[in-house]
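Subject: Structure handover

Hello,

Here is the structure I said I would pass on. My notes on it follow below.

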Amino acid sequence: MYSDMYYRVRFPDVGAGATRLTCFVEGESEAAVRELAADHPHFRGWDASKGSVRETNLANRKSLDNRIMDVTNPNAAVLEDGTVLRRSLERDEVVEHHPERT
């Protein structure tokens with residue numbers, strides 16, 4: 001079941017923790033978001049057990065796409081089904097990527 005709840009996450013790198021990855025993640029709760037991030041290839045090298053997970057006020061997929069295209073926001077999102085959405089400035093749209101899980 002897809003929740004249409006989106007969270008903004010900031011995870012530190014696994015090493016020193018100084019660098020942070022920021023993106024949006026679809027999930028039904030903070031725990032679900034962290035669980036998805038723990039084994040998703042987009043988050044390889046990032047510590048999903050640390051950092052912040054905050055619910056956004058995004059209402060639906062269209063509002064998520066609009067936020068991704070706004071260059072003042074994170075340029076990617078990970079959906080519950082594993083799809084990665086990225087801002088493509090060359091194509092001026094949000095593009096989907098389906099990474100293989102290992």
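This is a predicted model: local features need pLDDT of at least 70, side-chain atom pairs count only at pLDDT 80 or more; totals for chains, interfaces and linings use all residues.

Arg 34 sits in helix 1, which covers residues 30–38. Arg 34 has a relative accessible area of 17%, and since anything under 20% is called buried, it is classed as buried. Its side chain reaches the backbone oxygen of Gly 51 at 2.9 Å. Apart from neighbours within four places in sequence, the contacts of Arg 34 are Phe 11, Ala 48, Ser 49, Lys 50, Gly 51, Ser 52 and Val 53.

Leaving out neighbours within four places in sequence, its contacts include Thr 19, Arg 20, Leu 21, Arg 34, Ala 37, Phe 43 and Trp 46. Asp 47, Ala 48, Lys 50, Ser 52 and Val 53 are also in contact with Phe 11.

Next, the overall layout. The chain contains two helices and six strands, and along the sequence they follow the pattern β-β-α-β-α-β-β-β. The six strands form an open sheet with mixed pairing, in the order 3-1-2-4-5-6. Strand 3 (52–55) and strand 6 (93–97) are at the edges; each has a single partner strand, so one side of each has no neighbour in the sheet. On average, neighbouring strands of the sheet are turned by 25° against each other, with direction ignored.

Within the sheet, strand 1 and strand 2 run antiparallel and are joined by seven bridges. Arg 10 has Thr 22 in strand 2 as its bridge partner.

As for the helices, helix 1 lies across strand 1, strand 2, strand 3 and strand 4, and runs at about 55° to strand 1. Helix 2 (residues 61–69) lies across strand 1, strand 2, strand 4, strand 5 (84–88) and strand 6, at about 45° to strand 5.

One loop residue is also on my list. Leu 58 is in the loop between strand 3 and helix 2, and it is buried, with a relative accessible area of 8%. Which residues does Leu 58 touch, not counting those up to four places away in sequence? They are Asp 4, Tyr 6, Phe 24, Ser 63, Leu 64 and Arg 67. Leu 58 and Tyr 6 are 52 residues apart along the chain, yet their C-alpha atoms are separated by 6.4 Å.

Finally, the figures for the whole chain. A compact globule of 102 residues would have a radius of gyration near 13 Å, and the chain agrees with this at 13 Å. The C-alpha trace spans about 35 × 30 × 25 Å along its principal axes. Of the 102 residues, 39% are buried. Among contacts between residues at least 6 apart in sequence, 50% join residues at least 24 apart.

Regards

Methods:
Residues are numbered from 1 along each chain as its sequence is written. Side-chain values use heavy atoms; hydrogens and water are left out. Helices (H or I, at least four residues) and strands (E, at least two) are DSSP runs, numbered from the N terminus. Buried means under 20% relative accessible area, exposed over 50%, partly exposed in between (1.4 Å probe, protein chains only). A polar contact is a pair of N or O atoms within 3.5 Å; within protein, one must be able to donate a hydrogen and the other to accept it, and residues adjacent in sequence count only if both atoms are side-chain atoms. Contact means heavy atoms within 4.5 Å. Two strands pair if DSSP finds at least two bridges between them. Axes are lines fitted to C-alpha atoms, for helices over the stretch in contact, and angles run from 0 to 180 degrees between N-to-C directions. The radius of gyration is taken over C-alpha atoms; the globule rule is 2.2 Å times the number of residues to the power 0.38.
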